[in-house]
Amino acid sequence: MMKIGLFCAAGMSTSMLVEKMKAVASERGLEADIAAYPESEMETYVNELDVALLGPQVKYLLAKGKQICEPKGVPIDVINTIDYGMMNGTKVLDQAIKLANK
């Protein structure tokens, strides 16, 4: 099972995107545990994740996120602004899968 964490300012704005990603994963028959968290809790959850994604509104935290995630072997990246704005669960799930398979 792939565990994906989406981090944003308060953990709320990504909730809709998480649901869309879960629906796509289900349609594809993929076992995925996808959740949204406030960026301030990244250190708390990093050990439970296979992939971390930042909402575009907190992209300025990518360097800090890399310091937290990379030593644990967890890839991290920023969600594409358009995919986030359109709540494109398919593209964001694909981004997470691609990161996990690097």
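A residue is called buried when its relative accessible area is under 20%, exposed when over 50%, and partly exposed in between, with a 1.4 Å probe and protein chains only.

The model before us is predicted: local features need pLDDT of at least 70, side-chain atom pairs count only at pLDDT 80 or more, and totals for chains, interfaces and linings use all residues. Residues are numbered from 1 along each chain as its sequence is written, and side-chain values use heavy atoms, with hydrogens and water left out.

Let me begin with the fold. Five helices and four strands make up the secondary structure of the chain, where helices are DSSP runs of H or I with at least four residues and strands are runs of E with at least two, numbered from the N terminus. Their order along the sequence is β-α-β-α-β-α-β-α-α. The chain is as compact as a globular protein of 102 residues, because its radius of gyration, 12 Å, is close to the 13 Å of the globule rule; the radius is taken over C-alpha atoms, and the rule is 2.2 Å times the number of residues to the power 0.38. Of the 102 residues, 44% are buried.

I turn now to one residue, D33, which belongs to strand β2, residues 32-38. How accessible is D33? Its relative accessibility is 36%, so D33 counts as partly exposed. Leaving aside residues up to four places away in sequence, D33 touches M1, M2, K3 and I4, a contact being heavy atoms within 4.5 Å. Between D33 and I4, 29 residues apart in sequence, the C-alpha to C-alpha distance is 6.2 Å.
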